[in-house]
Structures are given as C-alpha cells and as structure tokens.
Amino acid sequence: MSDVNVTVTSGRVTRDPELRYTPSGTAVMDLSIASNRMWSKDGERQEETTWVDATVWGKTAESLSNIIKKG
C-alpha cells in the first residue's frame with residue numbers, strides 16, 4: 001500500500017483560485033490560504049499570519065473551482 005499524506009488547513013482564501021489544465025487534460029488549481037494566530041504577551045495583543053499556497057489536482061480541482069472564491 002502506498003503512503004498518503006493528508007493536510008487539513010483552515011483559514012481564508014486570499015485570492016480567487018486559478019484553474020488550468022495540463023497538456024494531457026488533467027485539471028490543476030492553485031490557491032492561497034491565510035490563517036491568523038492571536039495571543040497576549042505582557043498584556044499586549046499579538047497577531048501572526050501564516051500563508052499557505054496549495055495545489056489541487058484532478059476532479060477535486062474541478063469540483064472545488066466552482067465552490068471556492070476569495071473572501
């Protein structure tokens with residue numbers, strides 16, 4: 001059995017996904033997600049943003065391209 005890596009990322013989509021096709025017809029979608037982390041240090045509020053660029057392939061890319069929008 002092959003190994004499978006799974007990542008779950010939550011946050012906001014920061015730009016509309018870009019759907020394109022490879023020369024062989026495989027769908028590929030690129031998107032960017034931002035997630036904020038907030039905490040207090042010495043009574044002062046701190047915030048950090050993590051940016052994640054993701055690429056989705058195949059039927060999943062085609063399906064999600066109709067659902068996911070910036071915002």
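These legends accompany close-up views of a predicted model.

View 1. Leaving aside residues up to four places away in sequence, Glu62 touches Leu19, Tyr21 and Ala27. The C-alpha atom of Glu62 is separated by 7.7 Å from that of Met29, although the two residues are 33 residues apart along the chain. Glu62 has a relative accessibility of 29% and therefore counts as partly exposed.

**View 2. Salt bridge between Arg15 and Glu18.** The count for the model comes to three salt bridges. In the one shown here, the side chains of Arg15 and Glu18 meet with an N to O distance of 3.9 Å. Glu18 is partly exposed at 45% relative accessibility, and Arg15 is also partly exposed, at 35%.

**View 3. Salt bridge between Arg20 and Asp30.** The closest N and O atoms of this pair are 2.5 Å apart. Arg20 belongs to strand β2 (residues 18-21) and Asp30 to strand β3 (residues 27-41), so the pair ties together parts that are ten residues apart in sequence. Asp30 counts as buried because its relative accessibility, 17%, is under 20%. Arg20, at 43%, is partly exposed.

**View 4. Salt bridge between Arg37 and Glu48.** Here the closest N and O atoms lie 3.3 Å apart. Because Glu48 sits in strand β4 (residues 44-57) and Arg37 in strand β3, the pair ties together parts that are eleven residues apart in sequence. Glu48 is partly exposed, with 36% relative accessibility. Arg37 is partly exposed as well, with a relative accessible area of 47%.

Key. Residues numbered from 1 in each chain as written. Predicted model: local features only at pLDDT ≥ 70, side-chain atom pairs only at ≥ 80, totals over all residues. Heavy atoms only, no water. Buried < 20%, exposed > 50% of the residue type's maximum accessible area, 1.4 Å probe, protein only. Contact = heavy atoms within 4.5 Å. Salt bridge = Lys/Arg side-chain N within 4 Å of Asp/Glu carboxyl O. Helix = DSSP H or I, 4+ residues; strand = E, 2+ residues; numbered from the N terminus.
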